[in-house]
Each structure stands twice: as structure tokens, then as C-alpha cells.
Amino acid sequence: LQSKFSAKFLEKLNVDCFEDKKNPDVPTTSAVIHNGKVYTKLQASVVTLKYFKFPWPILAFLLSFIPKALGDKFYDWFARNRFRFFGGSKSVQPIPKAKEDLFLDKDEGIHVCPLPK
């Protein structure tokens, strides 16, 4: 989401993933394009979880009943606290040579993870 390609692409789709006006270059959500529709925040997670192995699709099913406004608030809270829940790193790992073909722009780190149809 932080690449030039992504910024132009999301702008064409009228999707704002950079809601924090204090840090306009830092995305505040993720985005998934599935079957021609753009999903953000919790809805993006639900779409993605449907393609994981059991038991994640069950969680996706349950989360899909949460209204969008409430789900977005939950997503924002969870995103703010994710390092507290799971730990984390301040640095990003380089792209492994064997995985470079999954990236549209290796220099900018644009990752393409196609979902099955």
C-alpha cells in the first residue's frame, strides 16, 4: 500500500487507506480486491480468512455478521494493539530471491498474493 503503484491504483478505485492525516504516508488499513470489489479493514480480513485452512474459514463466517461500522472500529482497535498481542519487529525482512516473482515491483515491495477463485 505504500508504493507509488499502489497509491495510484487505490486512487483510481477511490479507496483511502491513508486516513491518518498526521502520518499521510503510513497506511491505516489493508485492502483486498476480490471478484472486482475492494474490501478494507475487517472485511478485507474476512475475505482473506475464507481461503485459509480450517479453522480460519469458520472465524471468517462468524466475523462476516458484524456490521461494517462496528467491524471497522474493532479492526482499528486490534491493529493498534497487534504488537501487544503477537509481538513484532520494527524492521521488514528483505524479499527472498525464490519469492521475487510474487512481487510486481521488487524495489518497492509490492506483494501480489492471488486468491483462488
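Contact here means heavy atoms within 4.5 Å, and everything shown comes from a predicted model.

**View 1. Helix α4 and what its buried residues touch.** Helix α4 covers residues 68-86. Its buried residues are G71, D72, Y75 and N81. What do they pack against? The buried residues of α4 sit against β2 (37-40) and α2.

View 2. Once α4 is done, G87 comes next, with a positive phi near 80 degrees.

**View 3. Where α2 meets α3.** Here are helix α2 (residues 41-49) and helix α3 (residues 56-63), with axes that come within 8 Å and cross at roughly 145 degrees. The crossing of α2 past α3 is left-handed. On the α2 side, look for L42, V46 and L49; on the α3 side, their partners are W56, P57, L59, A60 and L63. Sort the residues of this contact by type and you get eight nonpolar, no polar and no charged.

**View 4. An aromatic pair, F61 with F65.** There are eight aromatic pairs in the structure. Why does F61 with F65 go down as edge-to-face? The ring planes stand at 90 degrees, with the centres 5.0 Å apart, and planes over 60 degrees apart count as edge-to-face.

**View 5. An aromatic cluster.** Which residues make up the cluster? Pick out F74, W77, F78, F85 and F86, which together form one aromatic cluster.

How values were computed: Residues are numbered from 1 along each chain as its sequence is written. This is a predicted model: local features need pLDDT of at least 70, side-chain atom pairs count only at pLDDT 80 or more; totals for chains, interfaces and linings use all residues. Side-chain values use heavy atoms; hydrogens and water are left out. Axes are lines fitted to C-alpha atoms, for helices over the stretch in contact, and angles run from 0 to 180 degrees between N-to-C directions. Helices (H or I, at least four residues) and strands (E, at least two) are DSSP runs, numbered from the N terminus. A crossing is left-handed if the near helix is turned anticlockwise from the far one by less than a right angle, and right-handed if clockwise. Ala, Val, Leu, Ile, Met, Phe, Trp, Tyr, Cys and Pro count as nonpolar, Asp, Glu, Lys and Arg as charged, and the others, Gly among them, as polar. The bend at a residue is the angle between axes fitted to the seven residues ending there and the seven starting there. Buried means under 20% relative accessible area, exposed over 50%, partly exposed in between (1.4 Å probe, protein chains only). Rings of Phe, Tyr and Trp (its six-membered ring) pair if their centres lie within 6.5 Å; planes under 30 degrees apart count as stacked, over 60 as edge-to-face and the rest as tilted.
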